[in-house]
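Please look through the sequence and the model below.

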Amino acid sequence: MNGPRGNGETREAILDATDRLLTTRGFRSVTMDDIAGEAGVSRRTIYMYFPSKEEVGLSSIDRVVAQTYARLAALAGGGGDPAEVLRAVLIERVLRRLDSVNAYRQSLDELFEAVRPGYMARRTAHMEREVALVAGVLAAGVACGRFEVEDAAATASTLVKATNAFLPYSLSVAELGERAKVEVEVRRMAALLLKSVVAPAAEPGRAAKRPARAKPARGKPGRPRARTRGAK
């Protein structure tokens, strides 16, 4: 076994070991003894951090989500054009996840199926957190006139749901292996979504035109125009 490690380091080592094992086999065939051997810890040590194998699997997914969120928060807080920030956030929330699970994509469906009840509950919390982040980006864009949005929270929820179609749990194993193709599609989707929130840009140096006023009728005011002969 390896030498002494801090609590956080040991927990990470267990999750790293689980991810490595998933590159060669399905989640259901992995045992706690397998994880212990791969991580260089005792089976008892694993239970100090995780009450069950399902919790190990859920925590592996949670780690991917947490790392993705940290990256999104960095993008959102980095300043710059709100439209470009929003574009980067929508794209990165997909690609960061794809890259994180690519090594064990063959086992991903089985992992999601095995931990589905617990995962669905956590997924709701994960999505709400990302919706709040996107809503913050939208609100900042509205404040500076870059976005035209009536309800930032509702719009953020729509944007997140639209890009959820490209997240790992929504894709087949074959699709997960076509990273370049997914990137092209998610960038196209992000571009379409941006068009729905970006405020129309005024032409530089030109004031908005006032509505044309109706032209007055010809002839002297107050006098009816003469009727032509034969008019009924």
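In this predicted model, Asp16 has a relative accessibility of 32% and counts as partly exposed. Its partner in a salt bridge is Arg63, and the closest N and O atoms of the two are 2.8 Å apart. Arg63 has a relative accessible area of 14%, and because the limit for a buried residue is under 20%, Arg63 is classed as buried.

Side chains of opposite charge can pair when their charged atoms come close. Across the whole structure, a search finds 18 salt bridges. Two further examples involve helix 5 (residues 82-101).

Glu92 forms a salt bridge with Arg96, and their closest N and O atoms are 3.2 Å apart. Why are Glu92 and Arg96 separated by about one helical turn? The two residues are four places apart in helix 5, so about one helical turn lies between them. Glu92 is buried, at 17% relative accessible area, whereas Arg96, at 30%, counts as partly exposed.

The other example reaches out of helix 5. Here the side chains of Arg97 and Glu130 meet in a salt bridge, with 2.5 Å from N to O. Arg97 is in helix 5 and Glu130 in helix 7 (residues 116-143), so this bridge ties together parts that are 33 residues apart in sequence. Are these two residues buried or exposed? Glu130 is buried, with a relative accessible area of 2%, and Arg97 also counts as buried, at 5% relative accessibility.

Rolling a probe the size of a water molecule over the atoms shows where empty space is left. The largest pocket has a volume of about 160 Å³. Which elements give two or more residues to its lining? They are helix 7 and helix 8 (152-163). Helix 7 gives the most, with six residues. The residues that line the pocket are Met120, Arg123, Thr124, Met127, Glu128, Val131, Ser157, Val160, Lys161 and Asn164. By type, the lining divides into four nonpolar, three polar and three charged residues.

The last stop is a loop. Ser107 is found in the loop between helix 5 and helix 6 (108-114). At 6% relative accessibility, Ser107 counts as buried. What does the side chain of Ser107 reach at 2.7 Å? At that distance lies the backbone oxygen of Leu22. A polar atom of the Ser107 side chain also lies 2.8 Å from the backbone oxygen of Arg25. When neighbours within four places in sequence are left aside, Ser107 is in contact with Leu22, Arg25 and Gly26.

Key. Residues numbered from 1 in each chain as written. Predicted model: local features only at pLDDT ≥ 70, side-chain atom pairs only at ≥ 80, totals over all residues. Heavy atoms only, no water. Salt bridge = Lys/Arg side-chain N within 4 Å of Asp/Glu carboxyl O. Buried < 20%, exposed > 50% of the residue type's maximum accessible area, 1.4 Å probe, protein only. 1 Å grid on protein atoms, 1.4 Å probe; cavity = no way out; pocket = protein on both sides within 12 Å on 5 of 7 lines; lining within 4 Å. Points joined across faces, edges and corners; volume = space filled by probe spheres on them. Nonpolar A, V, L, I, M, F, W, Y, C, P; charged D, E, K, R; others polar. Polar contact = N/O pair within 3.5 Å; in protein donor to acceptor, adjacent residues only side chain to side chain. Contact = heavy atoms within 4.5 Å.
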